[in-house]
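Please keep the sequence and the 3D view side by side while reading this note. The points below go through the model one region at a time.

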Amino acid sequence: MKPASGMRAEAPPFSTLILKLTAFCNLNCSYCYMFNLADRTYDRVPRCCETETAKTAVELLAEHARRAGRSAINVVLHGGEPLLWPADRFAALFESIGKIRSSGLAVSVSLQTNGLVVPAALLTLLAEHDVTLGFSLDGPEAVNDQARVGDDGKGSYRRVLDSMRQTLDRGFPPSRIGVLSVVNPAMRPIEYFEWAIELPVRNLSLLWPIEFSWDSPPWDPGEEQLYRQRPRYGVWMAAAFREWWDRWPEQIHVRQFLYTVGRLIGQAHHSDSIGNDFVDMFVVNTDGGIEYPDYLRAHRDGGSRTPYSVHRDDLDDLRANDPTFRTLLRLRESIPAECRGCQNEDVCGGGFLAGRVTHGGFAPETRSVLCHDQMYYFNVVRSAIQPYLAAMEEVEAGGRQ
Ligand code: SF4
């Protein structure tokens, strides 16, 4: 790989590996970006990642982190459905992760599952290695089963909830389980929280929809200005925030809301839709191919693919020389011109990454197609916490006198 030209400052290192253990799934969710949107990479890679490939991917990140002087890395076990990966391969992978941990590097491991089947034997292994589990559930049964169905079209809700309860009954700590929900404006926010409060776990993540880009916006043709006044997903997210803020902040931990408030009061929280200072993750597919984050596969077949592989390439090289990774690692520097001066510039940073795509390609200089939604949502959160912000400013001003 040729060195980058110019005198740009060094990008920060990668911290997070999204490791695709499988390229198949036992559900067929309608909005799935792996199988049911534009990308068909799953058809061109092995169904299962080889153990050696998985171990090499983790070791590659560990080496990169050590050279960069970092003390911790994150590994997210992903798919397809990662729990369909053979159990003996998990054992070998965790043995390898254990060695990296013993060398002094902290390795946080999470696994994102559809939750349909969580094998008991595997659960013990996951618990022993402090893995955090994310179950996908979008809300009450009727809402969840609109999208989260099997090949037979039947809903998955009851089987997933049973499986989550069994997981807890087998002693897996509830604090290490979270629920991920894709926003569905067909459900009232109060309905969502009255459902969530009955769940046996407290940690929730609410996700913006990934399927919208400038090639397929959430408004009808010619109706952007109308949409801007009442953006469908932003209105929902804002109403959900108000509901949560007024009634549930202690009982239900919604990461999206906690991070938004945190960012607005000056904490360094940051994610794919909050802050957007940097995206320091990379994906490794089942063939060992190093890929850009999944947001970029939603809108174009092969949109996440790169020529790189864990078997040939080095993360230091990618960090220094690949233009897309360089941009992602320093995303704040590419903030769109139209976002500069926006009242939400700091908390939003150009908006949800999957929406910063046009003509199928990543366009970091373009604000997210969910700008109107996020603007609406952030403004509501800001006004809800305004009395606290004003009080804090007064206290701080008093302290300076
Ligand atoms: S709300 Fe819109 S204009 Fe403001 S920072 Fe976000 S994407 Fe940019």
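This is a predicted model: local features need pLDDT of at least 70, side-chain atom pairs count only at pLDDT 80 or more; totals for chains, interfaces and linings use all residues.

1. Ten strands form an open sheet with mixed pairing, and their order is E7-E6-E5-E4-E3-E2-E1-E8-E9-E10. Strand E7 (253-254) and strand E10 (305-309) stand at the edges, and because each has a single partner strand, one side of each is left without a neighbour in the sheet.

2. Within that sheet, strand E5 (residues 177-182) pairs with strand E4 (residues 132-136) in the parallel sense, over four bridges, and here Leu133 is found opposite Ile177 in E5. Strand E5 also runs parallel to strand E6 (residues 203-207), to which five bridges join it. Along this second pairing, Gly178 stands opposite Asn203 in E6, while Leu180 stands opposite Ser205 in E6. Between E5 and E6 the chain passes through helix H6 (residues 189-196), and this β-α-β crossover is right-handed.

3. Where does Gly171 lie in the chain? Gly171 is placed in the loop between helix H5 (157-169) and E5. Gly171 has 9 other C-beta atoms within 10 Å, and it is therefore exposed, given that the cut-off for an exposed residue is 12 or fewer. Gly171 and Leu123 are 48 residues apart in sequence, and the distance between them in space is 9.2 Å from C-alpha to C-alpha.

4. The last point concerns the interior. In soluble globular proteins, nonpolar side chains tend to be buried together. In this model the largest nonpolar core has 102 residues, and those with the most contacts inside it are Leu17, Leu19, Ala57, Val58, Leu61 and Met237. Taking Met237 as an example, and leaving aside residues up to four places away in sequence, one finds that Met237 touches Val183, Leu206, Asp373 and Tyr377.

Notes:
Residues are numbered from 1 along each chain as its sequence is written. A nonpolar core is a set of buried Ala, Val, Leu, Ile, Met, Phe, Trp, Tyr and Cys residues joined through C-beta atoms within 7 Å. A residue is buried if 20 or more other C-beta atoms lie within 10 Å of its own, exposed if 12 or fewer, and partly exposed in between; C-beta atoms are placed from the backbone. Two residues are in contact if their C-beta atoms, placed from the backbone, lie within 7 Å. Two strands pair if DSSP finds at least two bridges between them. Helices (H or I, at least four residues) and strands (E, at least two) are DSSP runs, numbered from the N terminus. A crossover is right-handed if, with the strands pointing away from the viewer, the path from the first strand over the helix to the second runs clockwise.
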